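Subject: Handover of a structure for your review

Dear colleague,

Please find below the structure that I am handing over to you.

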Amino acid sequence: MAEIFFVDTTPFVSNYFIDAKDHVYDWKGISPRLHYINNLLLELESGFRESTTKWKIVVGHHTIKSAGHHGNTHELAIHLLPILQAYHVDLYINGHDHCLQHISSTDRWNPQEMKFYYDGQGFMSVEMTQTDVDIKFYDVFGNAIYKWSTSKLISSAM
């Protein structure tokens, strides 16, 4: 019914290579960086092409778009977002900003894309059927603070 694709988003972020500040990264197996990123994207596209599931979900650490502290990750908007859009990925779930957000996907940043923002920590749950996805965001006390749902028609090709 669903496939979840996990993407190593850290190598996309140029600053981690150019100006790592106080951070120490082990780049074994990553260099040359652009070759690694290219292979990762080719493998992801291959996975999308081979997938026969109704729902496709991608999980990465870094934001593509964000109103949080770290903001947008431009490298992901350039390299990853067009692939997610081309293969009609249903959800991109990420962390990094330590807040809860629901941003709808369009090509350019638009304040109307922000459906929900909570500047606090918490967690989310995902319930899924063949036709529906229900997502709930919770605060750290377990109180539901936001709910979003979407549906897909059942295709005879599935």
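This is a predicted model: local features need pLDDT of at least 70, side-chain atom pairs count only at pLDDT 80 or more; totals for chains, interfaces and linings use all residues.

Overall fold

The chain contains 4 helices and 8 strands, and their order along the sequence is β-α-α-β-α-α-β-β-β-β-β-β. Its C-alpha atoms occupy a box of roughly 45 × 40 × 30 Å along the principal axes. Among contacts with a separation of 6 or more, 57% are between residues 24 or more positions apart. The accessible surface amounts to about 9,900 Å², and carbon and sulfur atoms contribute 53% of it.

The largest pocket holds about 1,000 Å³ of space. Its lining comprises 36 residues, with Tyr-92, Ile-93, Asn-94, Gln-101 and Ile-103 nearest the centre. Two or more lining residues come from each of helix 4 (81-86), strand 3 (91-94), strand 4 (100-103), strand 6 (122-128), strand 7 (132-139) and strand 8 (144-151). By class, this lining consists of 17 nonpolar, 16 polar and 3 charged residues.

The second largest pocket holds about 360 Å³. It is lined by 16 residues, and those nearest its centre are Val-13, Asn-15, Tyr-16, His-70 and His-96. Helix 1 (15-18) and helix 3 (74-79) each provide at least two residues of the lining. This lining divides into 4 nonpolar, 9 polar and 3 charged residues.

Backbone features

Most residues other than glycine have a negative phi, and most peptide bonds are trans. The following places depart from that pattern.

- His-96, which is among the residues nearest the centre of the second largest pocket, has a positive phi near 80 degrees. His-96 sits in the loop between strand 3 and strand 4. Its relative accessibility is 15%, so His-96 counts as buried, the cut-off being under 20%.
- Lys-21 also has a positive phi, about 55 degrees, although it is not a glycine. Lys-21 belongs to the loop between helix 1 and helix 2. With 67% relative accessibility, Lys-21 counts as exposed, since the cut-off is over 50%.
- Ser-31 and Pro-32 are joined by a cis peptide bond with omega about 0 degrees. Pro-32 lies in the loop between helix 1 and helix 2 (33-50).

Yours sincerely,

A colleague

Technical notes: Residues are numbered from 1 along each chain as its sequence is written. Side-chain values use heavy atoms; hydrogens and water are left out. On a 1 Å grid over the protein atoms alone, a cavity is a set of points where a 1.4 Å probe fits but cannot get out, and a pocket is an open set with protein on both sides within 12 Å along at least five of seven lines; lining residues have an atom within 4 Å of a point. Grid points are joined across faces, edges and corners, and a volume is the space filled by probe spheres set on the points. Ala, Val, Leu, Ile, Met, Phe, Trp, Tyr, Cys and Pro count as nonpolar, Asp, Glu, Lys and Arg as charged, and the others, Gly among them, as polar. Contact means heavy atoms within 4.5 Å. Accessible areas come from the Shrake-Rupley method with a 1.4 Å probe; for residues, only the protein chains shown count as cover. Buried means under 20% relative accessible area, exposed over 50%, partly exposed in between (1.4 Å probe, protein chains only).
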